[in-house]
Amino acid sequence: MRDIFGVNYESNEYECDKLMIKEADPKMVKKIAKAIDDKTEYKESARIPKWANTLQTVGVYGGMIASLFVIDSMLDKGFIGGLKERWVFAVITILLFIMGFGIYFYRVNKHKKMLASPELNEHSENLKKAVNESLASMNVPSDGVEVDVYGELFKINNKGYKIIGIRQFSHINNGFMLYKTDTQLCFADATKVYAVNLKDIKEIVKDTNKILVMGWNKEVDLKEFGLKRTGFGAIQIKEHYKLILEIKGEETCINIPPYEIEHFTKLLNMEIK
């Protein structure tokens with residue numbers, strides 16, 4: 001069953017491009033791209049240089065290694081005796097730890113200041129304004145609901161459509177403005193609107209297969225929804241929902257996060273089967 005928001009892993013083509021009904025003016029697309037670039041550039045400027053990251057790593061791990069010599073001597077000759085015998089390594093350990101953890105706390109503090117800075121807020125507001133202007137130009141209603149929709153990675157082989165999952169994740173988290181017209185269910189991003197006909201929607205079912213999703217679009221922390229990340233940063237989803245459709249005789253679906261299902265059932269006036 002094809003996911004209409006799926007991504008072809010090999011060609012990087014999006015299934016939803018076939019369902020696009022509106023697209024923002026190229027000038028508007030450039031305006032949004034510039035706002036994104038400006039915000040990204042500012043955030044990057046707040047990062048410490050790579051050489052500082054290297055010094056942080058050397059300081060922390062170098063200090064740990066140097067401390068082993070001191071600890072080994074202390075175990076043999078006691079605390080004072082060990083320090084006397086390995087005083088050089090003790091000094092090196094202290095200096096390396098000061099350097100490593102000093103850079104770490106400086107980096108954390110600088111990042112916090114950047115997040116709270118008026119400059120970042122200004123860039124965020126400029127981006128938000130550009131996106132809202134784009135949505136308005138595509139006649140997206142202001143009372144639409146912001147939702148996440150999962151798009152699965154897939155490839156086409158000699159057996160047809162096949163869902164794949166690389167080690168880090170199997171799905172991508174897409175953010176849309178969800179709304180309904182008399183005949184269509186619409187999904188708008190910053191520059192495009194995609195739609196499926198209401199008559200093609202069949203049912204909503206629960207999928208208990210675990211998936212790994214990359215990306216988080218909400219302003220609140222994912223822990224607020226009882227979700228966790230893997231070591232690779234992907235979000236672990238134990239169960240989600242599928243909006244089943246039949247488009248031109250082919251059964252397709254839309255993967256809905258558990259924390260968004262209420263928006264769909266309410267908007268479509270449907271129950272989960």
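**Ground rules.** I number residues from 1 along each chain as its sequence is written, and my side-chain values use heavy atoms, with hydrogens and water left out. Because the model is predicted, local features need pLDDT of at least 70 and side-chain atom pairs count only at pLDDT 80 or more, while totals for chains, interfaces and linings use all residues.

**Entry 1: two helices.** I looked up H2 (residues 50-85) and H3. Helices here are DSSP runs of H or I with at least four residues, strands are runs of E with at least two, and both are numbered from the N terminus. The axes of H2 and H3 come within 6 Å and cross at roughly 145 degrees. I noted that axes are lines fitted to C-alpha atoms, for helices over the stretch in contact, with angles from 0 to 180 degrees between N-to-C directions.

Entry 2: H3 covers residues 87-115 and holds isoleucine 92. Isoleucine 92 counts as partly exposed, because its relative accessibility is 34% (buried is under 20%, exposed over 50%, partly exposed in between, with a 1.4 Å probe and protein chains only). I found Ile92 in a nonpolar surface patch of about 680 Å², together with Trp87, Val88, Val91, Ile94, Leu95 and Ile98. Patch residues have over 30% relative accessible area and no salt bridge; like charges are joined within 9 Å, nonpolar side chains (Val, Leu, Ile, Met, Phe, Trp, Tyr) within 5 Å.

**Entry 3: salt bridges.** I used this rule: a side-chain nitrogen of Lys or Arg within 4 Å of a carboxyl oxygen of Asp or Glu. The count comes to twelve. Aspartate 38 and lysine 34 make one, at 2.9 Å from N to O. Both lie in helix H1 (residues 26-45), four residues apart, about one turn of the helix. Lysine 34 is exposed at 51%, while aspartate 38 is partly exposed at 27%.

I then checked lysine 273 and glutamate 203, whose closest N and O atoms are 3.7 Å apart. This pair links distant parts of the chain: lysine 273 sits in the segment after H5 and glutamate 203 in strand E9 (residues 201-207), 70 residues apart.

**Entry 4: positive phi.** Which way does the phi of lysine 248 go, positive or negative? I read a positive value of about 55 degrees, although lysine 248 is not a glycine. Lysine 248 lies in the loop between strands E13 (240-247) and E14 (250-256). Lysine 248 is exposed, with 85% relative accessible area. Asparagine 269 also has a positive phi of about 55 degrees. I placed asparagine 269 in the segment after helix H5 (261-268).

Terms used. Areas by Shrake-Rupley, 256 points an atom, 1.4 Å probe, with all protein chains shown as cover.
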